[in-house]
Amino acid sequence: MKIDLRTIYRFQPINYSGALPAGGDVYYECECGDIVSSVSFVKAACKCGNLAGGDGSVTVHSSEKVKPLRGKLR
Ligand SMILES: [Zn+2]
């Protein structure tokens, strides 16, 4: 089942330097257009395979393709 998180959350870019931020309200937008929670407990992956989440964390293969976003419930 695929949920478009944009219908649930309002996303704003996060300014950061160094390592990607992570947290309960932090999401990663991949350059392929998919958004994955930074602390995903369900198996989640973006369609290009750059992000692979599950068990509370996300493996990021190329962080330069990822934009961290803060999600607020609409
Ligand atoms: Zn992707």
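1. Donors are N, O and S atoms within 2.8 Å of the metal (3.2 Å for Na, K and Ca), and sites may look incomplete because water is not among the atoms. In this predicted model, the zinc ion is coordinated at 2.3 Å by the SG atoms of Cys30, Cys32, Cys46 and Cys48. Along the chain, the donors of the zinc ion are spaced as C-x1-C-x13-C-x1-C.

2. On conventions: this is a predicted model in which local features need pLDDT of at least 70 and side-chain atom pairs count only at pLDDT 80 or more, while totals for chains, interfaces and linings use all residues. Residues are numbered from 1 along each chain as its sequence is written, and side-chain values use heavy atoms, with hydrogens and water left out.

3. What is the geometry of the zinc ion's site? The site is tetrahedral, with angles of 103 to 116 degrees among the four donor atoms. Four donors count as tetrahedral if all angles lie between 85 and 135 degrees.

4. Strands (E, at least two residues) are DSSP runs, numbered from the N terminus. Cys32 sits in the loop between strand E2 (26–30) and strand E3 (35–37), and Cys48 in the loop between strand E4 (44–45) and strand E5 (51–54), so the pair ties together parts that are 16 residues apart in sequence. Cys48 is partly exposed, at 44% relative accessibility. The cut-offs for relative accessible area are under 20% for buried, over 50% for exposed, and in between for partly exposed (1.4 Å probe, protein chains only).

5. Another of the zinc donors, Cys30, touches Cys46, Cys48, Asn50, Leu51 and Lys65, not counting residues up to four places away in sequence. Contact here means heavy atoms within 4.5 Å. The C-alpha atoms of Cys30 and Ser63 are separated by 8.9 Å, and these residues are 33 apart along the chain. Ser63 belongs to the loop between E6 and strand E7 (66–73) and is partly exposed, with 39% relative accessibility.

6. Which residues make up the largest nonpolar core? There are ten: Ile14, Leu20, Val26, Tyr28, Cys30, Val36, Cys46, Leu51, Val58 and Val66. E2 gives the most to this core, with three residues. Another core, of six residues, lies apart from it and includes Tyr9, Phe11, Ile35 and Leu69. A nonpolar core is a set of buried Ala, Val, Leu, Ile, Met, Phe, Trp, Tyr and Cys residues joined through side-chain atoms within 4.5 Å.

7. Is Ser38 buried or exposed? Ser38 has a relative accessible area of 4% and is therefore buried. Ser38 lies in the loop between E3 and E4. The side chain of Ser38 reaches the backbone oxygen of Gly23 at 2.9 Å, and a polar atom of that side chain lies 2.8 Å from the backbone oxygen of Val26. A polar contact is a pair of N or O atoms within 3.5 Å; within protein, one must be able to donate a hydrogen and the other to accept it, and residues adjacent in sequence count only if both atoms are side-chain atoms. Leaving aside neighbours within four places in sequence, the contacts of Ser38 include Pro21, Tyr28, Gly56 and Val58.

8. Two strands pair if DSSP finds at least two bridges between them. An open sheet of three strands runs in the order E4-E5-E6, with antiparallel pairing. E4 and strand E6 (57–60) stand at the edges with a single partner strand each, so one side of each is left without a neighbour in the sheet. E4 and E5 pair over two bridges, with Ala44 opposite Gly53. E5 and E6 are joined by four bridges; Gly53 stands opposite Val58, and Gly54 has Ser57 as its bridge partner.

9. E7 has antiparallel pairings too. Five bridges join strand E1 (residues 9–13) to E7, with Phe11 opposite Gly71. E2 also pairs with E7 over five bridges, and there Glu29 stands opposite Lys67.

10. The hairpin of E4 and E5 has five residues between the strands, and in it Gly49 takes a positive phi near 90 degrees. The hairpin of E5 and E6 has two residues between the strands, and Asp55 there takes a positive phi near 60 degrees. Most residues other than glycine have a negative phi. Asp55 is a residue other than glycine with a positive value, and it counts as exposed at 70% relative accessibility.

Methods:
Four donors count as tetrahedral if all angles lie between 85 and 135 degrees; four count as square planar and six as octahedral if opposite donors are over 155 degrees apart and all others between 65 and 115; anything else is irregular.
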